[in-house]
Amino acid sequence: MICLKAISSPLHLPTFRRLTPTSSLRAAAAMSSSSSAVAAPIEHFVLFKARPEAVASGAAAAMVSSLQALATLVPGLAYIHAGPVLRLRSPAAEALGPTHLLHTRYATKEDLASYAAHPAHVAAVQGHVLPNALDITAVDWVNAAPLPSPVAPGSAVRLTLAKVKEGVEVAQLVEKVAAATQAAGDAKVSFGENFSPARAKGYQFGMVAVFDSVEELDAVEGDGKVEEAKASVRPLLDEVMVLDFVVGDAPTPASL
């Protein structure tokens, strides 16, 4: 299983090869083929830093419930999970301080746009999110992995957001991660370039790695293949935000 980790000290920036038109087309073709192979390739993550008083009063839990309830209210929503963050795994995550998150998946970008504009979503945001969240970070990407990364109740998920170094193209990072995950074989991952920068706080790349349990997630720490994969992408990265969460029971989705 491949997952990026935070960089504890600055790294020397080597000279990177810019993607040629041929390699750019190759990356685009790979993303296109993966989009057809994965039924719901659009990933949407929102990180919330809940107000301490909202956590203490139960308002943060009500916020989570209002978001989770969207599964039965919004057509086109292929998957939804809302819940607390299990642990912050990098200095950038600790600085950002998210306490809760929302993860949704869609078949198309149009479905994501419809979800955002749906009255039930707008009501949940206005009635529960905005009054109770001190800070919000959001990213979206098209899954560039060739296989789906299914999640189930009890799954442990590691979310990684990254900023690339100056002079590095995000497509280079996508190519490197694709090669590393392909070498891993059975990795359940989703990754891609963020296409919604407005609330992303500069994060340009997102990735999730899905594990059957927290114990399985913890077991990959120090694994030789994982460390090799980290080493291959580390020179490209400027900042990495890493956190873990556990998926709860899934509600019944609305009709698609």
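In these legends, a residue is called buried when its relative accessible area is under 20%, exposed when that area is over 50%, and partly exposed in between, as found with a 1.4 Å probe on protein chains only. The model is predicted, so local features need pLDDT of at least 70 and side-chain atom pairs count only at pLDDT 80 or more, while totals for chains, interfaces and linings use all residues. Residues are numbered from 1 along each chain as its sequence is written, and side-chain values use heavy atoms, with hydrogens and water left out.

**View 1. Asp 244 forms a salt bridge with Arg 87.** A salt bridge here is a side-chain nitrogen of Lys or Arg within 4 Å of a carboxyl oxygen of Asp or Glu, and in this pair the closest N and O atoms are 2.7 Å apart. Asp 244 lies in strand β9 (residues 237–246) and Arg 87 in strand β3, so the contact ties together parts that are 157 residues apart in sequence; strands (E, at least two residues) and helices (H or I, at least four) are DSSP runs numbered from the N terminus. Asp 244 is buried, with a relative accessible area of 1%, whereas Arg 87 is partly exposed at 23%.

**View 2. Asp 218 and Arg 87 meet in a salt bridge through their side chains.** The N to O distance is 2.4 Å. Because Asp 218 belongs to helix α8 (residues 214–219) and Arg 87 to strand β3 (residues 87–88), the pair ties together parts that are 131 residues apart in sequence. Asp 218 counts as partly exposed, at 33% relative accessibility.

**View 3. The side chains of Asp 244 and Arg 158 also meet in a salt bridge, at 2.7 Å from N to O.** This pair links distant parts of the chain, with Asp 244 in strand β9 and Arg 158 in strand β6 (residues 156–164), 86 residues apart. Both residues, Asp 244 and Arg 158, are buried. Salt bridges that share partners join Arg 87, Arg 89, Arg 158, Asp 218 and Asp 244 into one network.

**View 4. Phe 45 and Trp 141 form a stacked aromatic pair.** Rings of Phe, Tyr and Trp (its six-membered ring) pair if their centres lie within 6.5 Å, and planes under 30 degrees apart count as stacked, over 60 as edge-to-face and the rest as tilted. For Phe 45 and Trp 141, the centres are 5.7 Å apart, with 10° between the planes. Phe 45 is buried, and Trp 141 is buried as well.
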